[in-house]
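Colleague: Please take one part of this model and go through it closely. I would like to know how it is placed and what lies around it.

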Amino acid sequence: MIYKTILNIYASGTNKSLHNPREKREDETGIHLFLSINGGAGASTVAKAYGIRLAEEKRVLYLNLEMFGDCEKVLKADGNFSLDDILYTLKSRRGSLPLKLESSMKKSPEGICFYAPSANPINLLDLTGEEFLRLFAEMKTGGLFDEIVLDMDIFPSAWMLEGLKEADDIWLVADGTEASAEKYEKFREFITAFEKKNQLRILPKMKIFYNKYSSKTGKPIENCELEIGGGSPRYEGMEENSIIRKMADSNAFAKGFL
């Protein structure tokens with residue numbers, strides 16, 4: 001804690017030469033984007049479980065950029081700084097962003113690194129696409145993480161759209177209900193238009209994860225050509241941290257779930 005406090009002081013200074021960049025690795029940090037197709041599908045729960053699974057062998061950052069997300073309800077760690085400290089450094093261009101990322105970082109007992117949520121959601125609304133790219137460029141090349149699990153709202157903010165471009169794979173979390181099938185079709189139309197407008201290929205990076213799935217009340221989305229990345233049943237009467245641990249320890253992220 002003392003070390004991180006001192007580091008944060010240096011990070012807030014104007015002398016950016018204080019930071020000695022780490023040696024760049026040949027393989028760049030992987031980006032895994034999680035989006036919920038329909039409300040209540042549990043994309044954040046799935047994303048955290050995926051992060052814990054990866055953290056068994058790699059250095060993982062769980063980055064929650066949901067407007068009203070609060071990862072500290074499940075992930076616990078000591079620390080005095082939050083995402084707001086990073087956003088201020090990013091926007092003001094004062095101090096060292098690499099040092100701020102390191103000094104503000106927390107690490108849960110499960111081995112996941114994360115940042116405490118912004119105190120006011122409006123701070124996230126002010127994040128531009130260009131600032132998002134600057135932030136991600138440092139996260140990917142700064143040597144702190146091997147993988148980044150990105151948890152975002154599905155509404156098309158400037159940085160959500162950049163996230164679609166930056167992600168190595170995109171996990172769409174659905175629950176197999178009729179509502180999830182209807183919203184998937186609308187989202188697919190949006191992505192198709194987005195690909196055409198920006199001359200990109202987004203759909204090939206996508207896969208479906210069926211969460212809270214029941215063969216009695218749900219069914220796979222018809223005519224969905226996306227790969228099934230896995231799935232998990234509904235866990236009744238369990239708290240989120242218990243569900244996350246159970247999901248991480250299971251074969252939920254195996255292909256051919258259905």
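Modeller: Helix 2 covers residues 43-55, 13 residues in total, and reaches 18 Å from its first C-alpha to its last. That is close to the 18 Å expected at 1.5 Å a residue, where the expected span is 1.5 Å times one less than the number of residues. Helices here are DSSP runs of H or I with at least four residues, strands are runs of E with at least two, and both are numbered from the N terminus.

The model is predicted, so local features need pLDDT of at least 70 and side-chain atom pairs count only at pLDDT 80 or more, while totals for chains, interfaces and linings use all residues. Residues are numbered from 1 along each chain as its sequence is written, and side-chain values use heavy atoms, with hydrogens and water left out.

Helix 2 is largely enclosed by the rest of the structure, because 12 of its 13 residues are buried. Buried means under 20% relative accessible area, exposed means over 50%, and partly exposed is in between, with a 1.4 Å probe and protein chains only. The buried residues of helix 2 include Ala 43, Ser 44, Thr 45, Lys 48 and Tyr 50. Leu 54 and Ala 55, also in helix 2, are buried as well.

Arg 53 belongs to helix 2 too, but at 33% relative accessibility Arg 53 counts as partly exposed. Leaving aside neighbours within four places in sequence, Arg 53 is in contact (heavy atoms within 4.5 Å) with Met 247, Ala 248, Ser 250 and Phe 253. Between Arg 53 and Ala 248 there are 5.4 Å in space, C-alpha to C-alpha, although the two are 195 residues apart in sequence. A polar atom of the Arg 53 side chain lies 2.8 Å from the backbone oxygen of Ser 250. This is a polar contact: a pair of N or O atoms within 3.5 Å, where within protein one must be able to donate a hydrogen and the other to accept it, and residues adjacent in sequence count only if both atoms are side-chain atoms.

Of the 22 lining residues, Gly 40, Ala 41, Gly 42, Thr 45 and Lys 212 are the closest to the centre of the pocket. Helix 2, strand 7 (206-213), strand 8 (227-233) and helix 9 (240-249) each give two or more residues to the lining. By class, the lining of this pocket has 8 nonpolar, 8 polar and 6 charged residues. Ala, Val, Leu, Ile, Met, Phe, Trp, Tyr, Cys and Pro count as nonpolar, Asp, Glu, Lys and Arg as charged, and the others, Gly among them, as polar.

On a 1 Å grid over the protein atoms alone, a cavity is a set of points where a 1.4 Å probe fits but cannot get out, a pocket is an open set with protein on both sides within 12 Å along at least five of seven lines, and lining residues have an atom within 4 Å of a point. Strand 2 (residues 60-64) gives the most to the lining of the largest cavity, with 3 residues. That lining has 8 nonpolar, 2 polar and no charged residues.
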